[in-house]
Structures are given as structure tokens and as C-alpha cells.
Amino acid sequence: MDIAIVGGGAIGLLTGAHLGRDHTVHMYVRREEQVEQLKQEGISCSSVEGAVPVHSHLVTEGFLSHDLVIIAVKQDQVPSVLQEIRNTNSSVLFLQNGMAHLELIPDYLNALIGVVDHGALKIDDRTVEHLGKGTIQVAPFKKGATGQSLVDELYQEDFPVLYRKDYQKLMVAKLVVNTVINPLTALFEVRNKQINDNPSIQRLAYTLCEEVCSVFSLPHEEEWERVRLVAERTGENESSMFKDIKAGRKTEIDAISGYVLRKSNRDVPYHQFVVDAIHAKERRGS
Ligand SMILES: NC(=O)C1=CN([C@@H]2O[C@H](COP(=O)(O)OP(=O)(O)OC[C@H]3O[C@@H](n4cnc5c(N)ncnc54)[C@H](OP(=O)(O)O)[C@@H]3O)[C@@H](O)[C@H]2O)C=CC1
Ligand SMILES: CC(C)(CO)C(=O)C(=O)O
């Protein structure tokens, strides 16, 4: 298959390295020096042997035609990427955390929604460290659309891409995990395991979980157990929000906890607090 990946960050490089073994991959990035480095040296990924050759382009120089376009930028960059790809007929796979981008997807687009539970860290413009192996689950955005054969073609034994029917279920499950673990680990600057190990953080986590479950009518105890398990399984991770805060970058708080606030028709004070507190931390870094 001929695949375009927009964004050469942690997830763009990780998917590019793995899919580039079986498919033709075109990386669309926004800096000339990254275009050149990828063109000359390919992608290096800790879980893939050798450098993986890819084509590379400046995103602003227009799009070629591809079987699939994968959007691997952060939430806040989705609008500008949608502008760049507005004339595409290709299927488009979105890999963002949070759910705010779903509201931006235009009707005409043949969109697929992906949930990534790998952990990846960008080391430099062509190098990514694969920190936690997981899966990418993909479901069609529009009712009735399938895309299953395309998704099945992406499957690799050591990099499973799995077709699912219901994107809502997938996304809400990931949102619950991110809205509990990410802001608390970023605020207290701790690894994920502290959600279980620090009794005060655990109490805050439990209440955030109660709030998000009430907004989406989910069974609280079941969801809380799932959050605890993810915090345990990824215990040594620094969450993506904690990493963003440490690096002085804008976080995805508005797309995650902010989305819960926007969807709620009652007060969710703990979510309001973490949104304000994370914004305060972002400002401290600027
Ligand atoms: N990293 C992880 O382990 C996981 C990440 N995710 C989700 O995946 C998404 C991507 O995250 P991640 O890869 O970590 O983020 P990164 O910050 O590592 O990468 C984002 C990349 O997008 C590039 N970019 C930004 N705007 C544009 C644009 N307009 N056109 C082309 N490229 C652009 C940036 O370029 P530049 O370098 O020039 O700034 C950067 O390389 C996020 O929503 C995240 O929540 C989900 C699960 C795990
Ligand atoms: C699952 C978790 C919390 C793993 O760190 C994550 O998705 C993130 O950090 O964004």
C-alpha cells in the first residue's frame, strides 16, 4: 500500500518505521531539515532492525495521491493539517488522544479513528524509542463505512493494527484513562504508578474517574479498575502530559479534560480544577 504520514514526531516515526517495512511510506513534515534527514537516513526505531527508508516531503508543498493518509500530529494541529489535505480522496486515519478532533472532521472525508496504546518517545528528527508495545485499534468514523480490508493490510505480528466497529466505545475508554492519569501525573510530576501508590493522588484520581463516568454514563467501579490496571501496566511511564509539561510544550488538556467539561451538563469541579491547573503550569513554562 502507499501510505502518507503527516507529522514526524513520536507516533509518526513509530508508525512510519513499522509500516515502512511492508509498504511505501511518505512522511509529510513541516521543516526542511527533517525532510532532508528522513530522505537521506530513513527512520531509526528501537524495535525495528536497521534504518527504514521512506520518502519525505514538506507538508506545505501539496499532497500526492495515497491509499491512506495517517494524521500523527497533536490535537491542536489537526485544523491546519485538515486544511493541507482538504482535496484528498484517500482514507484518512486520525491517531490523536482525546476526542476534540472528532468535532472537526469534515463530512466528505472517509475518516478512520485510531486509538494508540503504544508508548513512543522522539529522540531526534529520524529516531524514535519504542517504550511500550501495544496495539493500534481502528474503527470507521461514519456509520456504514467499513475500511476493514485497508486496516487488515496494516496488521503486522509485532505491530498489530486491529479493526473494530465502534469508534465511540474505543475513544471513550481511552478518554477515561487519559482524563484521570494524565493531568494528575503532570500536576504532581510523577510516573503513572503513583496513581495507585500515593493515597492522596489516588483519591483525586478516584473522584476524576467518578466525574467522567457520570458524564458518559459508564459503570464507575469497572472503569476505575481499568484505570488502576493501566496505571500499573504503564507504571514506569511518564504520561504524555507530564512529558509535555517538562518540555515546556502546550499540553492536550483541552482535548482531554476540556472535552469532558464541554460534554457535561452538570458541574464537574475536579475536571474544571485540573484544566485550570494544567493551563497555569503551561504558562509557568512559557
Ligand atoms: N507519544 C506517545 O506515546 C503517544 C501519543 N499519542 C497521541 O498521538 C498524537 C501525536 O503525539 P506525538 O507523536 O507524541 O507528538 P509529537 O509532539 O512527538 O509529534 C508531533 C509532530 O507533529 C508535527 N507537526 C505539527 N504540526 C504539523 C503540521 N501542520 N504539519 C506536519 N507536521 C506537523 C511536529 O513537528 P515539529 O517537530 O516540526 O514541531 C511533530 O513532529 C497526540 O495526539 C498524542 O496524544 C497517543 C498514544 C501514545
Ligand atoms: C496510557 C497513558 C496514560 C500512558 O502513559 C497515555 O496514554 C498517555 O501518557 O498519554
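**View 1. Residues surrounding ligand 1 in the predicted model.** The shell around ligand 1 holds 29 residues, and the closest are Gly7, Gly9, Ile11, Gln96 and Asn97; a residue is counted as near a molecule if its C-beta atom, placed from the backbone, lies within 6 Å of it. Two or more residues each are given to this shell by helix H1 (10–19), strand E2 (24–29), helix H3 (78–84) and strand E8 (119–124). Helices (H or I, at least four residues) and strands (E, at least two) are DSSP runs numbered from the N terminus. By class, 12 residues around ligand 1 are nonpolar, 12 are polar and five are charged. Here Ala, Val, Leu, Ile, Met, Phe, Trp, Tyr, Cys and Pro count as nonpolar, Asp, Glu, Lys and Arg as charged, and the others, Gly among them, as polar. Residues are numbered from 1 along each chain as its sequence is written, while chains are lettered from A and ligands numbered from 1 in the order in which they are written. In this predicted model, local features need pLDDT of at least 70 and side-chain atom pairs count only at pLDDT 80 or more, whereas totals for chains, interfaces and linings use all residues.

**View 2. Residues surrounding ligand 2.** Ligand 2 is surrounded by Asn97, Val177, Asn178, Ile181, Asn182, Asn192, Val230, Thr234, Asn237, Ser239 and Ser240. Helix H5 (residues 167–188) supplies the largest share of this shell, four residues. Three residues of the shell around ligand 2 are nonpolar, eight are polar and none is charged.

**View 3. The sheet of eight strands.** The strands form an open sheet of mixed pairing in the order E4-E2-E1-E5-E6-E7-E10-E11; two strands pair if DSSP finds at least two bridges between them. Strand E4 (55–58) and strand E11 (161–163) are the edge strands, each pairing on one side only. On average, neighbouring strands of this sheet are turned by 25° against each other, direction ignored. Strand E1 (residues 2–6) runs parallel to E2 and is joined to it by five bridges. Ile3 has Val25 in E2 as its bridge partner. Helix H2 (residues 32–41) packs on the sheet, where it touches E2 and E4, and its direction makes about 170° with that of E4. Axes are lines fitted to C-alpha atoms, for helices over the stretch in contact, and angles run from 0 to 180 degrees between N-to-C directions; residues are in contact if their C-beta atoms, placed from the backbone, lie within 7 Å.

**View 4. The sheet of three strands, E3-E9-E8.** This open sheet has mixed pairing. E3 and E8 stand at its edges with a single partner strand each, so one side of each has no neighbour in the sheet. Strand E3 (residues 44–45) pairs in the parallel sense with strand E9 (residues 127–132) over two bridges, and Ser44 stands opposite Thr127 in E9. E8 and E9 run antiparallel and are joined by five bridges, among them that of Lys122 with Val128 in E9. Two residues lie between E8 and E9 in the hairpin that they form. Helix H1 lies across E3, E8 and E9 and runs at about 100° to E8.

How values were computed: Contact = placed C-beta atoms within 7 Å.
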